[in-house]
Amino acid sequence: MTQTTSENSVPVNAGSVLFVDDERAVRLAGQQALELAGFAVTACDGAERALRHLGRDWPGCLVTDVRMPQMDGLALLARVREIDPDLPVILITGHGDVPMAVEAMRNGAYDFLEKPFPSDRLTEIARRAVEKRRLVMENRRLRAQIAGGADPAGTIVGRTAGIERLRTTIAAVADTDADVLVFGETGTGKEMVARALHEASGRRKSPFVALNCGAMPEAIFESELFGHEAGAFTGAAKRRVGRIEHASGGTLFLDEIESMPLSLQVKLLRVIQERVVEPLGSNEQVAVDLRVVAATKTDLRQAADAGTFRADLYYRLNVVVLTIPPLRERRDDIPLLFQHFVAQAATRYNREPRVPTREQMQRLMDQNWPGNVRELRNAADRFVLGLEEVAPAAPAPSTLSLAEQVDLFEKGLIQSELARQRGSVKAAIEALNIPRKTFYDKLKRYGLSREDFIE
């Protein structure tokens, strides 16, 4: 038999499948069904040929017949388990082979299909297997980042206009010494943005020093920030380097800066203006080379007008302002964010990454998420741990009109399906069961583009 391959097709769709069967008719039928569903298919007539394509980086799943000459499907499964035990293998069996296939699943097979099987059954199992493989590969990528010292939280995930603008501005100002003010509600990821600025700058090899001004007792605030000399006050037995001096060469991140006592704001203003710090109990000034990134969840201009924040410090910080949109204003990013957090949680807890159903994803889209991205991340953790469903069943009350709510639901459903199908229009149309023209009309109406979902 000859090998039939579709390697020259472009995998811009539902994922990759390696299909193995020694019967040409079965092989061609399986390949056609999978390609019509949006998969990139490589078809082989035997196990030895299939093994040439497989490795730990294979991005999809393997579908193989059991009864084949030379090396059968069970032997191929064993070899694949040696190459990568996390690579999904789907077995094709005859009626009499079902007990054997069930035993093979206990030994690591992902699933099995009994001949004759409908094409939609094949494509559905393959779709679930490929999605699981994507999560496994993302899980490995995150583990590699952690092992290499990279912080996965430094990745700003999202495709909505507000997030794109945020990334563009970060790229434009990161490799400068301009101080930055980050504005966003609680849980939107202000420290993540500050770390992204630091990691994209020439200061990345120097310290990133974070201080939460709202969590620091006022009695020790000055010493913690500016440092002190031995004997500066009762209990100061030795010299202490403050956070500002420790951040020299790198980045100083001041979260909840609106909580900083007014008496210390004037001293911080001098540090920002002159780049010197004077520890408590010292008459010597210490030069510091740092970038200041301040974050707030309140309007500092209003705070300055009300006298609770120094106006001169506000104007000194108000040079580059990065605004992080709340999650309720970037609902289209929820599927990508949730899948990203699921992969992170699976890495942290050493669990298998789970794949949310379409209904579960829609429930995520329906929530208002007052805790923003932090709340969504917690929901992903619980989902991976199997503690509860991804979100409460009842959506939060809405002030939108019925027509607006219907449009929002429909747009979210289409966006979620395109994300799940990795931009495959054909697969999304089949999953949503709507006419092609209607689907394209709705893409245009909601300003969606399939290219935004191709990975």
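1. Aspartate 332 counts as buried, at 17% relative accessibility. Buried means under 20% relative accessible area, exposed over 50%, and partly exposed in between, with a 1.4 Å probe and protein chains only. Aspartate 332 sits in the loop between strand 12 (320–323) and helix 13 (334–349). Helices (H or I, at least four residues) and strands (E, at least two) are DSSP runs, numbered from the N terminus. Beyond its neighbours within four places in sequence, aspartate 332 is in contact with Thr160, Met365, Lys411, Gln415 and Leu448. Contact means heavy atoms within 4.5 Å.

2. A word on the basis. This is a predicted model: local features need pLDDT of at least 70, side-chain atom pairs count only at pLDDT 80 or more, and totals for chains, interfaces and linings use all residues. Residues are numbered from 1 along each chain as its sequence is written, and side-chain values use heavy atoms, with hydrogens and water left out.

3. Now the whole chain. The chain holds 18 helices and 12 strands. Of its 455 residues, 48% count as buried. Among contacts with a separation of 6 or more, 72% join residues 24 or more positions apart. The chain exposes about 21200 Å², and carbon and sulfur atoms supply 51% of that. Accessible areas come from the Shrake-Rupley method with a 1.4 Å probe; for residues, only the protein chains shown count as cover.

4. Threonine 298 is another loop residue to look at. Its loop lies between strand 11 (291–296) and helix 11 (300–306). At 30% relative accessibility, threonine 298 counts as partly exposed. Neighbours within four places aside, threonine 298 is in contact with Phe183 and Glu258. Its C-alpha atom is separated by 8.0 Å from that of glycine 184, 114 residues apart along the chain.

5. Strand 11 is largely enclosed by the rest of the structure, because six of its six residues are buried. Arg291, Val293 and Ala295 point one way; Val292, Ala294 and Thr296 point the other way. In a regular strand the side chains alternate between the two faces of the sheet. Strand 6 (residues 180–183) runs parallel to strand 11, joined by four bridges. Strands pair if DSSP finds at least two bridges between them. Valine 180 has valine 293 as its bridge partner in strand 11. Strand 8 (residues 251–255) also pairs with strand 11 in the parallel sense, over four bridges. There, leucine 252 is partnered by valine 292.

6. Strand 4 (residues 89–93) is mostly covered, with five of its five residues buried. Val89, Leu91 and Thr93 lie on one side, and Ile90 and Ile92 on the other. Four bridges join strand 4 to strand 3 (residues 61–65), and the two run parallel. Valine 63 stands opposite isoleucine 90. The chain passes from strand 3 through helix 3 (residues 73–83) to strand 4 in a right-handed β-α-β crossover. Right-handed means that, with the strands pointing away from the viewer, the path from the first strand over the helix to the second runs clockwise. Strand 5 (residues 111–114) is parallel to strand 4 too, again with four bridges. Here isoleucine 92 stands opposite leucine 113.

7. Helix 1 (residues 24–36) has buried residues Arg27, Gly30, Gln31, Ala33 and Leu34. They are on the same side of helix 1, because they cover an arc of only 165 degrees around the axis. The arc is that of the directions from the helix axis to the C-beta atoms. The face turned away from this buried side carries exposed Ala25 and Gln32. Just after helix 1, glycine 38 takes a positive phi of about 100 degrees.
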